[in-house]
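Subject: Structure handover

Hello,

Here is the structure for your files. My notes on what was found follow below it.

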Amino acid sequence: MRKLRRVTPLARRHEVVEGEPVPADVLPYLLHLPEDYDADPARAWPLVLFLHGAGERGSDLEAITRHGIPGLAEEGREFPFVVASPQCPASSQWVPEVTTLAGLLDEVEAEYRIDPSRIHVTGLSMGGYATWSLAVRYPERFAAVAPVCGGLWMQRPDPMRDVPVWAFHGEEDEAVPIGRSEEIVARLEELGADVRFTRYPGVGHDSWTRTYDNPALYDWLLSHRRTDRTGRN
């Protein structure tokens, strides 16, 4: 996949100096495009927003490639979708940045050939929290979401009852107890939501390696599209 470096909002790109703290409300991000992105100018692509964990915050964009989808892309894995991987500032967390993340999605949709009916979000740990939070705040935007070892702060999952979910968590996770996912999944089940939950027996906080190595995750994500948003094939 081809890797590009971008900043959102684009109008404030001049404020970002490599190696220095990133200004508030500005998110640098990596964009991975499939190798055949330019082969068919009429083709619109699914988009996956990937949100890293707390350990990858800062001003070194390459840190994002340590885990998850951007790491696999760097190793040469090809994915049939566009991947946007922003970096959270060292002084912040993802949940307070959800409005900026929504703006990032707007910019990527406007600049690249993205199918608006096939936008997905996934993230691990701190990014898992933000995955849940984004789906609660903007349920109309996502075709499916896949939170990994995350949870919710001061929110109920009810607004996202119509968003398909596949959640993942290690049963021995001490950093983010599995109960954080269990509570959300149980509530969504009460609401009749389309929710799957994979528990990893004997696994601690690192439930992301097995999750993102599993091709079934990507097949599942891409099997969903929103029928209330106009998309192109």
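Contact here means heavy atoms within 4.5 Å. Buried means under 20% relative accessible area, exposed over 50% and partly exposed in between, with a 1.4 Å probe and protein chains only. Helices (H or I, at least four residues) and strands (E, at least two) are DSSP runs, numbered from the N terminus.

Before you go on, two notes on the basis. This is a predicted model, in which local features need pLDDT of at least 70 and side-chain atom pairs count only at pLDDT 80 or more, while totals for chains, interfaces and linings use all residues. Residues are numbered from 1 along each chain as its sequence is written, and side-chain values use heavy atoms, with hydrogens and water left out.

Back to α3. Eleven of its twelve residues are buried, so the helix is mostly covered. Among the buried ones are M126, Y129, W132 and L134. The expected span of a helix is 1.5 Å times one less than its number of residues. For the twelve residues of α3 that gives 16 Å, and the end C-alpha atoms are 16 Å apart, which agrees.

**Helix α4**

Helix α4 covers residues 179-190. Just after α4, G192 takes a positive phi of about 75 degrees.

Most residues other than glycine have a negative phi. Two residues to check are S125 and C149. S125 has a positive phi of about 55 degrees. S125 lies in the loop between β5 (114-124) and α3, and counts as buried at 12% relative accessibility. C149 has a phi near 45 degrees. C149 sits in the loop between β6 (144-148) and β7, and is buried with a relative accessible area of 0%.

**Cores**

A nonpolar core is a set of buried Ala, Val, Leu, Ile, Met, Phe, Trp, Tyr and Cys residues joined through side-chain atoms within 4.5 Å. The largest one has 42 residues. L134, F142 and M160 have the most contacts inside it. Elements that each supply at least two residues of this core include β2 (27-33), β3 (45-51), α2 (98-111), α3 and α4. Leaving out residues up to four places away in sequence, F142 touches L105, I119, H120, V121, L134, A135, V163 and R226. A second, separate core of 25 residues includes V83, W166, F168 and Y212.

**Cysteines**

How many disulfides does the structure hold? It holds zero, taking a disulfide as a pair of cysteine sulfur atoms within 2.5 Å. C88 is in no disulfide, and the nearest cysteine sulfur, that of C149, is 16 Å away. C88 counts as buried at 0% relative accessibility.

**Aromatic pairs**

Rings of Phe, Tyr and Trp (its six-membered ring) pair if their centres lie within 6.5 Å; planes under 30 degrees apart count as stacked, over 60 as edge-to-face and the rest as tilted. The structure holds ten aromatic pairs. Y37 and Y112 form an edge-to-face pair, 6.4 Å centre to centre with 65 degrees between the planes. The pair links distant parts of the chain, 75 residues apart: Y37 is in the loop between β2 and β3, Y112 in the loop between α2 and β5. Y37 is buried with a relative accessible area of 6%, and Y112 counts as buried at 10%. F168 and Y200 form a stacked pair, 6.5 Å centre to centre with 20 degrees between the planes. F168 is in strand β7 and Y200 in strand β8, 32 residues apart. Both F168 and Y200 are buried. W166, F168, Y200 and W220 form one aromatic cluster.

Best regards
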